[in-house]
Amino acid sequence: FKSCMKATACFENNLKDRDDLLKDIASNNLPSVVFYKPAGAKNMHPGYATLKDGDADVNEITQTLMNSKSWANSVIIITYDENGGFWDHAAPPIVDRWGPGTRIPSIIISPYAKKSHVDHTQYETTSILKFIETRYDLKPLSQRDRKANDLLNTLEFK
């Protein structure tokens, strides 16, 4: 989006790197919502990155957060930007030209995550957005996220 391209206020104020994320965790200064996308050799893409390096990166960030003051109020959603259907055993349903797309694994890590639970609810990438909208009582950005399931079936609030 043009509004968040390099050299814009949006980019400078919101798009940070891995080191900033670790500093924010350590200083208990995390924003309410954080997206982290590993770069380079840590992104698990075939040809130049490895699963081992990517898993180690995810583990370090997860362990750092779990050992922080922020952990008590955290939900980590680990998912992948799979584009080729590697995880699929059958063609996914077609909702519109965007998907929901190929089925990919997601892992929920949180003090609120249901223990030993495999959720069979149908989610899609916009389910993450729907979860954020539900949590913060925000209006949906589109019909797509308005109709998506919100991941709450993966959590228990006692």
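**Nonpolar cores**

The largest nonpolar core is made up of 8 residues in all, namely L21, L22, I25, I61, L65, W71, I76 and I78; such a core is a set of buried Ala, Val, Leu, Ile, Met, Phe, Trp, Tyr and Cys residues joined through side-chain atoms within 4.5 Å, where buried means under 20% relative accessible area, exposed over 50% and partly exposed in between, with a 1.4 Å probe and protein chains only. Residues are numbered from 1 along each chain as its sequence is written, and side-chain values use heavy atoms, without hydrogens and water. Because the model is predicted, local features need pLDDT of at least 70 and side-chain atom pairs count only at pLDDT 80 or more, whereas totals for chains, interfaces and linings use all residues.

- Two or more residues of this core come from each of α2 (18-26), α3 (51-66) and β1 (76-78), with helices (H or I, at least four residues) and strands (E, at least two) taken as DSSP runs numbered from the N terminus.
- The largest share, 3 residues, is given by α2.
- Another core, of 5 residues, lies apart from it and includes I128, F131, I132 and L155.

**Helix α2**

- R18, L21, L22 and I25 are the buried residues of α2, and they lie on the same side of the helix because they cover an arc of only 95° around the axis, taken from the directions from the helix axis to the C-beta atoms.
- The cover over these buried residues includes α3.

**Around V33**

- V33 sits in the loop between α2 and α3 and is partly exposed, with a relative accessible area of 35%.

Key:
Contact means heavy atoms within 4.5 Å.
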